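Open the model in your viewer and keep the selection panel at hand. The tour goes from the sheet to the ligand, then to some backbone details.

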Amino acid sequence: MPKILLDCDTGIDDALTLLYLAALVRAGDAELAAVGTVHGNVDPLSGALNTLRVLELAGVEGVPVAVGAPRPMAQDVHYAVDWHGRDGLGDTGLPAPRGVPADEPAAAQIVRLARAHPGELTLLATGPLTNLGAALLLDAELPALVREVVIMGGAFDHPGNITTHAEANVWHDPEAADLVFAADWPVVLVPLDATHPTAVGEPWLLKLAGHDSEAARFATRVLEFYIAAYTPVLKRRGAVIHDALAAMLAVDPGVCGYTERPVRVELRGELTRGTTVWDARSLPADDHRRPVRIATSVDAAAFQDRLLTALLAL
Ligand code: BDR
Ligand code: CA
């Protein structure tokens with residue numbers, strides 16, 4: 001059973017991912033050791049309060065939620081108000097959580113838990129990579145202590161979703177992302193190429209909306225804002241629940257097909273800063289970075305079924 005530390009920017013698809021993880025925890029299929037939050041969709045304190053709200057709604061108690069980096073390493077901070085609303089949850093005005101954030105920065109929490117459980121921790125990152133980058137700078141031995149790093153981020157053959165070529169999580173902190181791809185640890189990367197084909201549509205949304213539970217009502221409500229943002233992109237009513245695919249792969253990698261390539265982040269390009277670049281040449285790689293396992297294909301029906309089953313089980 002994977003021991004997961006989720007680093008996120010909750011966020012509507014992050015919130016659905018938390019519900020999915022909560023269902024796995026309640027079924028005994030995963031352990032959620034801790035959560036850390038980072039700037040991205042919202043500021044990290046709002047992200048932490050959203051996280052606590054969702055975990056409380058899902059009936060998962062005792063998971064520490066640490067607040068992390070409020071800004072990227074080398075650029076201004078931006079929030080995704082158009083996609084997630086000012087509060088990160090589609091401006092649904094949810095009540096404050098009962099719990100409070102942990103008294104420890106998110107990067108320090110990563111290092112502490114990795115040291116306490118050497119070789120056991122899966123770092124699941126569904127936001128910008130500033131906390132993971134900071135944790136690498138705090139402890140040079142971190143890569144040897146972590147079991148796996150699963151990241152929602154990047155775009156290769158798929159267009160970007162925040163600039164023409166860049167995906168949002170990498171674009172929000174390119175320097176931190178490049179540190180993470182340069183480190184000597186096993187990384188699974190889940191780019192837009194794998195997440196976009198999983199877009200849920202009307203039949204899936206109707207099944208969720210038709211279910212009588214607090215979790216299904218919450219998911220349906222927060223998804224409305226996200227669907228409104230996605231409908232012009234998809235040209236049909238629907239949404240891409242990106243982060244849940246990364247969570248699923250942390251538990252069962254079989255839902256995707258992969259290719260292994262070294263990955264770098266463009267840090268200077270005038271039009272392409274924040275773009276992920278893989279070395280796809282058949283010549284021996286002249287890049288000595290450890291190859292990243294990149295999800296390039298997906299069983300979309302399996303993803304949609306498993307996510308819906310988990311959400312309806314809560
Ligand atoms: C990623 O960006 C965020 O807005 C989503 O939560 C997801 O993590 C998709 O590019
Ligand atoms: Ca996210």
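In what order do the eight strands of the open sheet lie? The order is β3-β2-β1-β4-β5-β6-β10-β7, with mixed pairing. Strands pair here if DSSP finds at least two bridges between them. Strands (E, at least two residues) and helices (H or I, at least four) are DSSP runs, numbered from the N terminus.

Before selecting anything, note that this is a predicted model: local features need pLDDT of at least 70, side-chain atom pairs count only at pLDDT 80 or more, and totals for chains, interfaces and linings use all residues. Residues are numbered from 1 along each chain as its sequence is written, while chains are lettered from A and ligands numbered from 1 in the order in which they are written.

**Strand β1**

Now select residues 3-8, which form β1. Is this strand largely enclosed or open? It is largely enclosed by the rest of the structure, because five of its six residues are buried. Buried means 20 or more other C-beta atoms within 10 Å of the residue's own; exposed means 12 or fewer, and partly exposed lies in between, with C-beta atoms placed from the backbone.

β1 runs parallel to β2, joined by six bridges. Leucine 6 has valine 35 as its bridge partner in β2. The chain gets from β1 to β2 through α1, a right-handed β-α-β crossover. Right-handed means that, with the strands pointing away from the viewer, the path from the first strand over the helix to the second runs clockwise.

β1 also pairs with β4 (residues 121-125), parallel, over five bridges. Pick lysine 3 to find its β4 partner, leucine 121. Pick aspartate 7 and the partner is alanine 125.

**The β10 side**

Move to β10 (residues 292-298), which pairs with β6 (residues 187-190) in the parallel sense over two bridges. β7 pairs with β10 too, but antiparallel, over six bridges.

**Ligand 1**

Show the 15 residues around ligand 1; Gly11, Asp13, Ala168, His242 and Asp243 come nearest. A residue is near if its C-beta atom, placed from the backbone, lies within 6 Å. Helices α1 (12-26), α7 (168-171) and α12 (242-251) each give this shell at least two residues.

**Backbone details**

Most residues other than glycine have a negative phi, and most peptide bonds are trans. Select threonine 10 and glycine 11: a cis peptide bond joins them, with omega about -5°. Glycine 11 sits in the loop between β1 and α1.

Next, aspartate 91, in the loop between α3 (81-84) and α4 (106-116). Its phi is positive, about 50°. Aspartate 91 is partly exposed, with 13 C-beta neighbours inside 10 Å.

Last stop: lysine 235, between α11 (214-234) and α12. Phi is near 65° here. Lysine 235 counts as exposed because 8 other C-beta atoms lie within 10 Å.
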